[in-house]
Amino acid sequence: MEQIPFDVVLMEIFVRLPKKSIFRFRSVCKKWYEDLSSFEFLQRHTNRVSNRVDELLEQGMFPDPFDV
């Protein structure tokens, strides 16, 4: 069985965390700071969050802010 690199697994976990946690984890070490500050990571995180909000709106988990 092929092993998945640890960095890939770690980034998949980080991408699912709230923004506040990501900011805290950036202070752990220089490598994490660089990875969590990269444009690619920030773009993936933003896309994941916006997709999740869309899913929750479709499921009726919280009200649509544009419905008056």
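A residue counts as buried when its relative accessible area is under 20%. By that cut-off, 16% of the 68 residues of this protein are buried. The model is predicted.

## Fold

The protein has four helices and zero strands. From the N terminus on, the order of elements is α-α-α-α. Helix α1 spans residues 6-14 and helix α2 spans residues 19-25. Helix α3 covers residues 30-37. Helix α4 covers residues 39-59.

Which residues of α1 are buried? They are L10, M11 and F14. Viewed down the axis of α1, these buried residues fall within an arc of 100 degrees, so they line one face of the helix.

## Aromatic rings

A pair of aromatic rings is described by the distance of the centres and the angle of the planes. The count here is three aromatic pairs. One of them joins F14 and F25, with 5.8 Å from centre to centre and 40 degrees between the planes. That geometry makes the F14 and F25 pair tilted. The pair links distant parts of the chain, since F14 belongs to helix α1 and F25 to helix α2, eleven residues apart.

F25 also pairs with W32. The ring centres of F25 and W32 are 6.1 Å apart. Their planes stand at 85 degrees, so this pair is edge-to-face; the cut-off for that class is over 60 degrees.

F14, F25 and W32 form one aromatic cluster. F25, at 31%, is partly exposed. W32 is partly exposed as well, with a relative accessible area of 22%.

## Salt bridges

The whole structure holds three salt bridges.

| Salt bridge | N to O distance |
|---|---|
| E12 and R16 | 3.0 Å |
| E12 and R44 | 2.4 Å |
| K31 and D35 | 3.1 Å |

E12 takes part in a bridge with R16 and in another with R44. E12 lies in helix α1 and R44 in helix α4, so their bridge ties together parts that are 32 residues apart in sequence. Shared partners join E12, R16 and R44 into one network.

R16 is partly exposed, with a relative accessible area of 47%. R44 counts as partly exposed too, at 37%.

K31 counts as partly exposed, at 42% relative accessibility.

## A further arginine

R52 is placed in helix α4. With a relative accessible area of 41%, R52 is partly exposed. The C-alpha atoms of R52 and R16 are separated by 9.9 Å, although the two residues are 36 residues apart along the chain.

## Largest pocket

How much space lies in the largest pocket? The volume is about 260 Å³. The pocket is lined by 15 residues. Closest to its centre are L17, K19, I22, H45 and V49.

Helices α2 and α4 each supply at least two residues of the lining. Helix α4 gives the largest share, six residues. By class, the lining has eight nonpolar, two polar and five charged residues.

The F14 and F25 pair connects helix α1 with helix α2. The E12 and R44 bridge connects helix α1 with helix α4. Helices α2 and α4 both contribute to the lining of the largest pocket.

Methods
Residues numbered from 1 in each chain as written. Predicted model: local features only at pLDDT ≥ 70, side-chain atom pairs only at ≥ 80, totals over all residues. Heavy atoms only, no water. Phe/Tyr/Trp six-rings, centres within 6.5 Å; stacked < 30°, edge-to-face > 60°. Buried < 20%, exposed > 50% of the residue type's maximum accessible area, 1.4 Å probe, protein only. Arc of directions from axis to C-beta. Salt bridge = Lys/Arg side-chain N within 4 Å of Asp/Glu carboxyl O. 1 Å grid on protein atoms, 1.4 Å probe; cavity = no way out; pocket = protein on both sides within 12 Å on 5 of 7 lines; lining within 4 Å. Points joined across faces, edges and corners; volume = space filled by probe spheres on them. Nonpolar A, V, L, I, M, F, W, Y, C, P; charged D, E, K, R; others polar.
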